[in-house]
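Subject: The structure and what turned up in it

Hello,

Here is the structure I promised to pass along. Please have it open while you read, and my notes follow below.

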Amino acid sequence: MTFAQAFTAPPVVHVAIGMWDIAGDANQRADICAEQVTARGFDIVFRTWGDTRVARIRADWLAIGTVRHEDDFAV
């Protein structure tokens, strides 16, 4: 995921499952997280294990940090 505007430092990123379509006749094991977080973007990583069967999933995310303001002096 690439941010529309770069942050001034790596932000805190929260990732959550917004929708999932997973088989109900097997175990439902899943992990979702943000990795490789930089000021410009991050990777959403979704993992399953065992006999989990996924048809589709949607991830929601929120990045919180500081961005450069148009009134800031260029450095």
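Where does Val67 lie relative to β4? Val67 is in the segment after β4; strands here are DSSP runs of E with at least two residues, and helices are runs of H or I with at least four, numbered from the N terminus.

A word on the ground rules. This is a predicted model, in which local features need pLDDT of at least 70 and side-chain atom pairs count only at pLDDT 80 or more, while totals for chains, interfaces and linings use all residues. Residues are numbered from 1 along each chain as its sequence is written, and side-chain values use heavy atoms, with hydrogens and water left out.

Back to Val67. Its relative accessibility is 39%, so Val67 counts as partly exposed (buried is under 20% relative accessible area, exposed is over 50%, and partly exposed is in between, with a 1.4 Å probe and protein chains only). Leaving out residues up to four places away in sequence, Val67 touches Gln5, Ala6, Phe7 and Thr8, where contact means heavy atoms within 4.5 Å. From Asp21, Val67 is 46 residues away in sequence and 35 Å away in space, C-alpha to C-alpha.

Phe7 also belongs to the largest nonpolar core, which has eight residues: Phe3, Phe7, Val13, Val15, Ile32, Ala39, Phe42 and Ala63. Such a core is a set of buried Ala, Val, Leu, Ile, Met, Phe, Trp, Tyr and Cys residues joined through side-chain atoms within 4.5 Å. Beyond four places in sequence, the contacts of Ile32 include Val15, Ile17, Ile44 and Phe46.

Next, Thr52, in the loop between β3 (43-48) and β4 (54-64). Is Thr52 buried or exposed? With a relative accessible area of 12%, Thr52 is buried. Its side chain reaches the backbone oxygen of Trp49 at 3.1 Å, and a polar atom of that side chain lies 3.0 Å from the backbone oxygen of Asn27. Both are polar contacts: N or O atoms within 3.5 Å, one able to donate a hydrogen and the other to accept it, with residues adjacent in sequence counting only if both atoms are side-chain atoms. Apart from neighbours within four places in sequence, Thr52 is in contact with Ile22, Asn27, Gln28 and Arg29.

Now the charges. How many salt bridges does a search of the whole structure find? It finds five, each a side-chain nitrogen of Lys or Arg within 4 Å of a carboxyl oxygen of Asp or Glu. One of them joins Asp51 and Arg29, with the closest N and O atoms 3.8 Å apart. That pair links distant parts of the chain, 22 residues apart: Asp51 is in the loop between β3 and β4, and Arg29 in the loop between β1 and β2.

Arg47 takes part in a network of salt bridges with Asp31 and Glu35. Asp31 and Arg47 meet at 4.0 Å, N to O. Because Asp31 lies in strand β2 and Arg47 in strand β3, this pair ties together parts 16 residues apart in sequence. Between Arg47 and Glu35, the closest N and O atoms are 3.1 Å apart; these two, in strands β3 and β2, are twelve residues apart.

Most residues other than glycine have a negative phi. Gln36 is exposed, at 61% relative accessible area.

Happy reading!
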